[in-house]
Amino acid sequence: MKNILKLSIIAASIALGGCNAIRPIVDAQAASEPKVSQNILKELNQVPAPAGPPITVAVYNFRDLTGQRKPSNTLSLFSSAVTQGAENYLIKTLSEVGNRQWFTVVERVGLDNLLKERQMIKQTREIYDGDKAKMLPPLTLAGVIIEGGIIDYNSNTLTGGTGARWLGIGPYTQYTQDLVVISLRLVSVQTGEVLTSVTIEKNLLSTSEGLTALRFFNTATRAFELDTGQTFNEPGNYAMRSAIEAGVIELINQGERQGLWKYKEQVKHDVVQTSKPKTTPQSTESTPNQGLVDSSGQPVKTN
């Protein structure tokens with residue numbers, strides 16, 4: 001009886017020790033403070049500067065084309081599996097890639113609001129100034145448009161787990177893997193030609209770790225049981241952002257290989273490539289520099 005009781009106490013100590021080991025230490029004050037979102041891939045700032053001026057680009061939308069809902073084994077969910085505002089991540093990435101030297105992004109997502117505000121300014125000036133009303137400058141025109149979207153989302157592409165117990169005490173681990181796929185294409189405004197296109201795949205990994213303890217004593221009339229663990233789910237926005245950042249980097253690489261633009265300094269392509277999200281292999285053909293204009297509306301020169 002005493003030996004069984006001692007063993008139970010030892011099991012409880014081990015279980016509590018394991019609980020303390022895997023329990024995340026969270027600072028409540030730090031967790032409640034807002035944080036400025038930073039770029040995920042460090043390669044985003046390592047892209048070499050372009051040989052010419054920044055390219056004016058427009059993003060109208062970057063929609064969820066999967067139609068997928070959050071997976072559930074118990075009930076139907078109407079919440080989408082991926083974000084419905086991915087164009088915000090794309091605009092931020094285009095604005096910051098290569099230390100803000102590659103693209104000048106013009107507002108097109110909220111174009112209706114922009115035009116309404118300009119119309120109100122125009123009408124107000126005409127009311128108070130009449131024929132002497134000062135005209136607004138023209139909107140900056142984009143030479144290329146970034147199109148695409150979230151084209152696929154697969155849940156539970158890989159599941160598994162392991163566990164072991166000895167004398168009713170042991171750890172366990174479970175994991176689940178999802179897959180999200182995005183597509184980006186660069187379209188010339190002048191000709192409508194798709195200049196280059198990339199497809200990016202990114203895995204989302206969820207893991208669960210824990211420790212269990214179960215012992216019977218006093219001739220199996222009493223039991224000691226403890227179960228503790230924690231789960232980590234990779235945020236969907238993190239995977240989406242990293243896939244978009246990798247897609248923009250690969251879009252610039254492909255454009256340089258096809259002769260659409262040139263780097264200011266000649267470097268090897270592997271300097272700006274990343275191995276985190278996976279780029280789907282696809283054939284590329286050499287395309288002449290057509291339809292690319294800078295922020296002033298002049299054709300981009302790559303020589």
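Visitor: Which residue is the bridge partner of V187 in β6?

Guide: V194 is the bridge partner of V187 in β6. Before we go on, this is a predicted model, in which local features need pLDDT of at least 70, side-chain atom pairs count only at pLDDT 80 or more, and totals for chains, interfaces and linings use all residues. Residues are numbered from 1 along each chain as its sequence is written, and side-chain values use heavy atoms, with hydrogens and water left out.

Visitor: What makes β5 and β6 a pair?

Guide: Two strands pair if DSSP finds at least two bridges between them. Strand β5 (residues 169-188) and strand β6 (residues 194-217) are joined by 19 bridges and run antiparallel, so they pass the test for pairing. They form a hairpin with 5 residues between them, and G192 in the turn has a positive phi of about 75 degrees.

Visitor: How many bridges join β6 to β7?

Guide: There are 12, and β6 and strand β7 (residues 222-233) run antiparallel. L214 has E225 in β7 as its bridge partner. This hairpin has 4 residues between its strands, with N218 in the turn at a positive phi of about 55 degrees.

Visitor: Why is I182 called buried?

Guide: Buried means under 20% relative accessible area, exposed over 50%, and partly exposed in between (1.4 Å probe, protein chains only). I182 has 1% relative accessibility, so I182 counts as buried. I182 is found in strand β5, and its C-alpha lies 7.0 Å from that of D152, a residue 30 places away in sequence.

Visitor: What makes you say that both faces of β1 are covered?

Guide: In strand β1 (residues 55-58), I55 and V57 on one side are buried, and T56 and A58 on the other are buried too. β1 is joined to strand β3 (residues 103-106) by 4 bridges in a parallel arrangement, with I55 opposite F103. β1 also pairs in the parallel sense with strand β4 (residues 144-163) over 2 bridges, where A58 stands opposite I145.

Visitor: How do you know that the span of α5 agrees with expectation?

Guide: Helices (H or I, at least four residues) and strands (E, at least two) are DSSP runs, numbered from the N terminus. The expected span of a helix is 1.5 Å times one less than its number of residues. Helix α5 (residues 236-257) has 22 residues and should span 32 Å; its end C-alpha atoms are 31 Å apart, so the span agrees.

Visitor: Why is α5 described as largely enclosed?

Guide: Because 18 of its 22 residues are buried, α5 is largely enclosed by the rest of the structure. G259, which follows α5, has a positive phi near 85 degrees.

Visitor: Where does α3 bend, and by how much?

Guide: The bend at a residue is the angle between axes fitted to the seven residues ending there and the seven starting there. For α3 that angle is about 30 degrees at T93. T93 is among the buried residues of α3, which include L90, L94 and V97. Helix α3 (residues 86-100) still reaches 20 Å from first C-alpha to last, close to the 21 Å expected.

Visitor: How many helices and strands does the chain have?

Guide: The chain comes to 5 helices and 8 strands. Buried residues make up 35% of its 303 residues.
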